[in-house]
Amino acid sequence: MESVEDLSLGPCTASQYLRPFRLRYRQNGISKIWDFMRSHDSVSILIFNTSRQCFVVVKQFRPAVYMCEMERKCPQNFERKKQETWNPLPNSLPASVGVTYELCAGIVDKPELSLEEIACREILEECGYEVPLATLKRITSYRSGVGVTGSKQTLFYAEVTDEMKASEGGGQPEEGELIEVVEIPLKDSMDFAYNESFPKTMGVIFSFMWFQTNVAPNLLEN
Ligand SMILES: Nc1ncnc2c1ncn2[C@@H]1O[C@H](COP(=O)(O)OP(=O)(O)O[C@H]2O[C@H](CO)[C@@H](O)[C@H](O)[C@H]2O)[C@@H](O)[C@H]1O
Ligand SMILES: [Mg+2]
(Lines give C-alpha, C1' and ligand atoms only; values in the text may rest on other atoms or scores of the structure.)
(Ligands and ions follow the chains in the order given, each with its own letter.)
Protein backbone atom coordinates (compact mmCIF):
# COMPACT_ATOMS: atom_id res chain seq x y z
CA MET A 1 0.00 0.00 0.00
CA GLU A 2 2.54 2.55 1.07
CA SER A 3 6.20 3.07 0.39
CA VAL A 4 8.25 4.62 3.17
CA GLU A 5 11.89 5.40 2.45
CA ASP A 6 14.82 7.61 3.50
CA LEU A 7 14.10 7.23 7.21
CA SER A 8 16.18 9.05 9.77
CA LEU A 9 15.66 9.54 13.48
CA GLY A 10 16.28 12.85 15.18
CA PRO A 11 15.52 14.62 18.44
CA CYS A 12 12.15 16.28 18.98
CA THR A 13 13.06 19.57 20.60
CA ALA A 14 9.98 21.66 19.83
CA SER A 15 6.65 20.37 18.58
CA GLN A 16 3.17 21.77 18.17
CA TYR A 17 1.80 18.27 18.80
CA LEU A 18 3.75 17.05 21.84
CA ARG A 19 5.22 18.94 24.79
CA PRO A 20 7.13 16.82 27.34
CA PHE A 21 7.24 17.90 30.99
CA ARG A 22 8.32 16.54 34.37
CA LEU A 23 6.05 17.11 37.36
CA ARG A 24 7.47 17.08 40.87
CA TYR A 25 4.90 16.54 43.63
CA ARG A 26 4.29 15.14 47.07
CA GLN A 27 1.55 12.50 47.47
CA ASN A 28 0.55 11.44 50.99
CA GLY A 29 3.88 12.78 52.19
CA ILE A 30 5.98 10.95 49.59
CA SER A 31 7.98 12.97 47.03
CA LYS A 32 7.55 11.78 43.47
CA ILE A 33 8.21 12.78 39.91
CA TRP A 34 6.21 11.91 36.81
CA ASP A 35 7.14 12.49 33.18
CA PHE A 36 4.27 13.25 30.86
CA MET A 37 3.39 14.95 27.61
CA ARG A 38 0.74 17.46 26.70
CA SER A 39 -0.97 16.59 23.45
CA HIS A 40 -4.27 17.46 21.82
CA ASP A 41 -7.58 15.94 22.80
CA SER A 42 -9.35 14.18 19.94
CA VAL A 43 -12.68 13.07 18.55
CA SER A 44 -13.37 9.77 16.84
CA ILE A 45 -16.46 8.59 15.01
CA LEU A 46 -17.95 5.14 14.52
CA ILE A 47 -19.51 5.37 11.04
CA PHE A 48 -22.13 2.84 9.93
CA ASN A 49 -23.35 2.83 6.33
CA THR A 50 -26.95 1.58 6.38
CA SER A 51 -27.16 1.23 2.57
CA ARG A 52 -24.34 -1.30 2.63
CA GLN A 53 -24.62 -2.58 6.22
CA CYS A 54 -20.96 -1.95 6.85
CA PHE A 55 -18.71 0.09 9.10
CA VAL A 56 -16.54 2.72 7.48
CA VAL A 57 -13.07 2.88 9.04
CA VAL A 58 -9.74 4.32 7.95
CA LYS A 59 -6.35 2.79 7.46
CA GLN A 60 -3.16 4.83 7.63
CA PHE A 61 0.58 4.68 8.19
CA ARG A 62 1.39 5.60 11.81
CA PRO A 63 5.06 6.48 12.36
CA ALA A 64 4.76 5.82 16.12
CA VAL A 65 3.51 2.27 15.49
CA TYR A 66 6.18 1.68 12.85
CA MET A 67 8.90 2.83 15.23
CA CYS A 68 7.67 0.48 17.98
CA GLU A 69 8.25 -2.39 15.58
CA MET A 70 11.61 -0.88 14.60
CA GLU A 71 12.73 -0.78 18.23
CA ARG A 72 11.62 -4.37 18.76
CA LYS A 73 13.48 -5.65 15.67
CA CYS A 74 16.49 -3.29 15.61
CA PRO A 75 16.92 -1.77 19.13
CA GLN A 76 20.38 -0.44 18.25
CA ASN A 77 18.70 2.33 16.24
CA PHE A 78 17.38 3.84 19.44
CA GLU A 79 20.73 4.03 21.23
CA ARG A 80 21.41 7.62 22.17
CA LYS A 81 24.68 7.84 20.26
CA LYS A 82 24.28 11.19 18.50
CA GLN A 83 20.93 12.28 19.75
CA GLU A 84 21.34 15.86 18.62
CA THR A 85 21.73 14.84 14.96
CA TRP A 86 19.64 12.96 12.41
CA ASN A 87 20.63 9.30 12.31
CA PRO A 88 19.77 7.45 9.10
CA LEU A 89 17.77 4.26 9.66
CA PRO A 90 17.95 1.09 7.58
CA ASN A 91 14.93 0.39 5.38
CA SER A 92 14.63 -2.94 7.11
CA LEU A 93 10.90 -3.06 7.74
CA PRO A 94 8.03 -2.78 5.28
CA ALA A 95 5.71 0.21 5.75
CA SER A 96 2.85 -2.22 6.34
CA VAL A 97 4.06 -2.93 9.91
CA GLY A 98 3.08 0.67 10.73
CA VAL A 99 -0.36 0.67 9.10
CA THR A 100 -3.34 0.49 11.45
CA TYR A 101 -7.13 0.32 11.15
CA GLU A 102 -8.78 3.14 13.10
CA LEU A 103 -12.02 4.99 13.52
CA CYS A 104 -12.24 8.21 11.57
CA ALA A 105 -10.65 10.67 14.02
CA GLY A 106 -9.17 14.09 14.40
CA ILE A 107 -7.39 16.25 16.91
CA VAL A 108 -9.24 19.01 18.72
CA ASP A 109 -7.17 22.01 17.69
CA LYS A 110 -9.77 24.65 16.77
CA PRO A 111 -11.20 26.29 19.90
CA GLU A 112 -13.87 28.06 17.84
CA LEU A 113 -15.43 24.73 16.75
CA SER A 114 -17.52 22.35 18.87
CA LEU A 115 -16.50 18.70 19.16
CA GLU A 116 -19.48 17.83 16.94
CA GLU A 117 -18.35 20.30 14.26
CA ILE A 118 -14.83 18.90 14.32
CA ALA A 119 -16.25 15.37 14.05
CA CYS A 120 -18.41 16.25 11.01
CA ARG A 121 -15.42 17.87 9.27
CA GLU A 122 -13.28 14.79 9.90
CA ILE A 123 -15.99 12.51 8.49
CA LEU A 124 -16.05 14.56 5.29
CA GLU A 125 -12.27 14.97 4.98
CA GLU A 126 -11.32 11.42 5.80
CA CYS A 127 -14.30 9.35 4.60
CA GLY A 128 -16.17 11.63 2.17
CA TYR A 129 -19.64 11.64 3.80
CA GLU A 130 -21.69 14.79 4.50
CA VAL A 131 -23.23 14.19 7.91
CA PRO A 132 -25.73 16.72 9.36
CA LEU A 133 -24.47 17.94 12.73
CA ALA A 134 -27.75 17.14 14.51
CA THR A 135 -27.65 13.45 13.53
CA LEU A 136 -24.34 12.82 15.26
CA LYS A 137 -24.76 10.84 18.48
CA ARG A 138 -22.30 11.17 21.36
CA ILE A 139 -21.43 7.70 22.70
CA THR A 140 -19.02 8.58 25.51
CA SER A 141 -15.59 9.99 26.27
CA TYR A 142 -12.56 8.40 27.85
CA ARG A 143 -8.88 9.00 28.67
CA SER A 144 -6.15 7.59 26.47
CA GLY A 145 -2.51 7.03 27.32
CA VAL A 146 -3.13 7.71 31.02
CA GLY A 147 0.54 7.19 31.91
CA VAL A 148 1.89 9.55 29.28
CA THR A 149 -0.64 11.98 27.80
CA GLY A 150 -3.97 11.34 29.55
CA SER A 151 -5.71 13.13 26.70
CA LYS A 152 -9.47 13.06 26.38
CA GLN A 153 -11.08 11.30 23.45
CA THR A 154 -14.74 11.79 22.66
CA LEU A 155 -16.47 9.08 20.68
CA PHE A 156 -19.42 9.72 18.36
CA TYR A 157 -21.70 7.55 16.24
CA ALA A 158 -22.80 8.57 12.74
CA GLU A 159 -25.17 6.70 10.47
CA VAL A 160 -24.62 7.35 6.77
CA THR A 161 -26.14 6.23 3.47
CA ASP A 162 -24.61 6.01 -0.01
CA GLU A 163 -26.55 9.19 -0.91
CA MET A 164 -24.53 11.14 1.68
CA LYS A 165 -21.27 10.37 -0.09
CA ALA A 166 -19.86 13.68 -1.37
CA SER A 167 -16.24 12.77 -2.16
CA GLU A 168 -13.72 9.98 -1.94
CA GLY A 169 -12.30 11.18 1.41
CA GLY A 170 -8.69 10.23 2.02
CA GLY A 171 -7.66 13.13 4.23
CA GLN A 172 -6.22 16.53 3.44
CA PRO A 173 -3.37 16.15 0.95
CA GLU A 174 -2.06 19.64 1.86
CA GLU A 175 -1.49 18.34 5.42
CA GLY A 176 0.24 15.27 4.00
CA GLU A 177 -2.61 12.98 5.02
CA LEU A 178 -2.82 9.72 3.11
CA ILE A 179 -5.82 7.78 4.32
CA GLU A 180 -7.46 4.69 2.89
CA VAL A 181 -11.19 4.31 3.53
CA VAL A 182 -12.11 0.70 4.32
CA GLU A 183 -15.56 -0.88 4.66
CA ILE A 184 -15.99 -3.70 7.18
CA PRO A 185 -19.25 -5.63 6.61
CA LEU A 186 -21.35 -5.81 9.78
CA LYS A 187 -21.48 -9.61 9.58
CA ASP A 188 -17.65 -9.80 9.70
CA SER A 189 -17.14 -7.05 12.26
CA MET A 190 -16.72 -9.05 15.46
CA ASP A 191 -14.25 -11.45 13.83
CA PHE A 192 -12.38 -8.43 12.56
CA ALA A 193 -12.41 -6.80 16.00
CA TYR A 194 -10.65 -9.75 17.64
CA ASN A 195 -8.38 -10.73 14.75
CA GLU A 196 -4.93 -9.65 15.86
CA SER A 197 -3.55 -9.86 12.34
CA PHE A 198 -5.38 -6.59 11.61
CA PRO A 199 -3.60 -4.04 13.84
CA LYS A 200 -6.17 -1.63 15.21
CA THR A 201 -7.01 0.84 17.95
CA MET A 202 -9.04 0.12 21.05
CA GLY A 203 -11.64 2.58 19.70
CA VAL A 204 -12.48 0.21 16.84
CA ILE A 205 -12.93 -2.78 19.15
CA PHE A 206 -14.92 -0.92 21.78
CA SER A 207 -17.23 0.84 19.31
CA PHE A 208 -17.98 -2.33 17.32
CA MET A 209 -19.01 -3.96 20.60
CA TRP A 210 -21.08 -0.89 21.57
CA PHE A 211 -22.90 -1.23 18.24
CA GLN A 212 -23.71 -4.89 18.91
CA THR A 213 -25.41 -3.96 22.18
CA ASN A 214 -26.97 -0.62 21.29
CA VAL A 215 -27.75 -0.57 17.57
CA ALA A 216 -27.70 -4.08 16.08
CA PRO A 217 -30.79 -5.31 18.00
CA ASN A 218 -32.84 -2.47 16.44
CA LEU A 219 -31.76 -3.09 12.85
CA LEU A 220 -34.47 -4.48 10.60
CA GLU A 221 -33.75 -7.98 9.34
CA ASN A 222 -33.46 -7.95 5.58
N1 LIG B 1 2.73 13.84 16.34
C2 LIG B 1 2.59 14.44 15.14
N3 LIG B 1 3.66 14.68 14.37
C4 LIG B 1 3.52 15.28 13.17
N5 LIG B 1 2.35 15.66 12.64
C6 LIG B 1 1.25 15.43 13.36
C7 LIG B 1 1.29 14.82 14.64
N8 LIG B 1 0.03 14.72 15.14
C9 LIG B 1 -0.76 15.25 14.19
N10 LIG B 1 -0.05 15.68 13.14
C11 LIG B 1 -0.55 16.34 11.92
O12 LIG B 1 -1.86 16.78 12.14
C13 LIG B 1 -2.75 15.99 11.37
C14 LIG B 1 -3.84 15.58 12.36
O15 LIG B 1 -4.71 14.69 11.80
P16 LIG B 1 -6.06 14.34 12.55
O17 LIG B 1 -6.68 15.60 13.07
O18 LIG B 1 -6.82 13.46 11.64
O19 LIG B 1 -5.61 13.55 13.85
P20 LIG B 1 -5.23 12.00 13.91
O21 LIG B 1 -6.40 11.21 13.44
O22 LIG B 1 -3.94 11.77 13.20
O23 LIG B 1 -4.94 11.70 15.45
C24 LIG B 1 -5.81 12.00 16.55
O25 LIG B 1 -6.73 11.05 16.82
C26 LIG B 1 -6.20 9.77 17.20
C27 LIG B 1 -7.34 8.84 17.41
O28 LIG B 1 -8.11 9.27 18.47
C29 LIG B 1 -5.38 9.88 18.46
O30 LIG B 1 -4.80 8.61 18.75
C31 LIG B 1 -4.30 10.88 18.23
O32 LIG B 1 -3.60 11.08 19.42
C33 LIG B 1 -4.90 12.18 17.76
O34 LIG B 1 -3.84 13.04 17.43
C35 LIG B 1 -1.94 14.82 10.83
O36 LIG B 1 -2.38 14.38 9.58
C37 LIG B 1 -0.57 15.44 10.73
O38 LIG B 1 -0.47 16.23 9.56
MG1 LIG C 1 -7.41 11.54 11.57
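At 79% relative accessibility, Asn 28 counts as exposed, where exposed means over 50% relative accessible area, buried under 20%, and partly exposed in between, using a 1.4 Å probe and protein chains only. This residue makes a handy starting point for a walk through the chain. Asn 28 sits in the loop between strand S2 (19-27) and strand S3 (30-38); helices (H or I, at least four residues) and strands (E, at least two) are DSSP runs, numbered from the N terminus. Its phi is positive, about 50°, although Asn 28 is not a glycine. For background, most residues other than glycine have a negative phi.

Before going on, a word on what you are looking at. This is a predicted model, in which local features need pLDDT of at least 70 and side-chain atom pairs count only at pLDDT 80 or more, while totals for chains, interfaces and linings use all residues. Residues are numbered from 1 along each chain as its sequence is written, chains are lettered from A and ligands numbered from 1 in the order in which they are written, and side-chain values use heavy atoms, with hydrogens and water left out.

Asp 6 lies in the segment before strand S1 (8-9) and is exposed, with a relative accessible area of 75%.

Now zoom out to the whole chain. There are four helices and eleven strands, and the C-alpha trace spans about 60 × 50 × 35 Å along its principal axes. Of the 222 residues, 34% count as buried.

Where do the buried nonpolar residues gather? In soluble globular proteins, nonpolar side chains tend to be buried together. Here the largest nonpolar core holds 20 residues; such a core is a set of buried Ala, Val, Leu, Ile, Met, Phe, Trp, Tyr and Cys residues joined through side-chain atoms within 4.5 Å. The members that touch the most others are Ile 45, Ile 47, Ile 123, Cys 127, Tyr 129, Val 131 and Leu 136. Strand S4 (42-49), strand S5 (54-61), helix H2 and strand S10 (151-160) each supply at least two residues of this core. H2 gives the most, with five residues.

Next comes ligand 1. Which residues surround ligand 1? They are Tyr 17, Ser 42, Arg 62, Ala 105, Gly 106, Ile 107, Glu 122, Glu 126, Gln 153, Glu 175 and Glu 177, a residue being near a molecule if one of its heavy atoms lies within 4 Å of it. This shell divides into three nonpolar, three polar and five charged residues; Ala, Val, Leu, Ile, Met, Phe, Trp, Tyr, Cys and Pro count as nonpolar, Asp, Glu, Lys and Arg as charged, and the others, Gly among them, as polar.

Several atom pairs give the site some detail. A backbone N or O atom of Ile 107 lies 2.8 Å from an oxygen atom of ligand 1. In the side chain of Glu 126, an N or O atom is 3.0 Å from a ligand 1 oxygen atom, and a polar side-chain atom of Gln 153 lies 3.0 Å from an oxygen atom of the ligand. These are polar contacts, meaning pairs of N or O atoms within 3.5 Å; within protein, one must be able to donate a hydrogen and the other to accept it, and residues adjacent in sequence count only if both atoms are side-chain atoms. Taken alone, ligand 1 exposes 710 Å², and the protein buries 63% of that, with accessible areas from the Shrake-Rupley method and a 1.4 Å probe; for residues, only the protein chains shown count as cover. Strand S8 (104-107) and helix H2 (115-127) are the elements giving two or more residues to the shell, and S8 provides the largest share, three residues.

The protein donors of the magnesium ion (ligand 2) are Ala 105 (O) and Glu 126 (OE), lying 2.1 to 2.2 Å from it. Donors are N, O and S atoms within 2.8 Å of the metal (3.2 Å for Na, K and Ca); water is not among the atoms, so sites may look incomplete. The pair links distant parts of the chain, with Ala 105 in strand S8 and Glu 126 in helix H2, 21 residues apart. Ala 105 is partly exposed, at 26% relative accessible area, whereas Glu 126 is buried, at 2%.

Finally, visit helix H4 (residues 202-214), where Ser 207 is found. Ser 207 is buried, with a relative accessible area of 0%, and a polar atom of its side chain lies 2.8 Å from the backbone oxygen of Gly 203.
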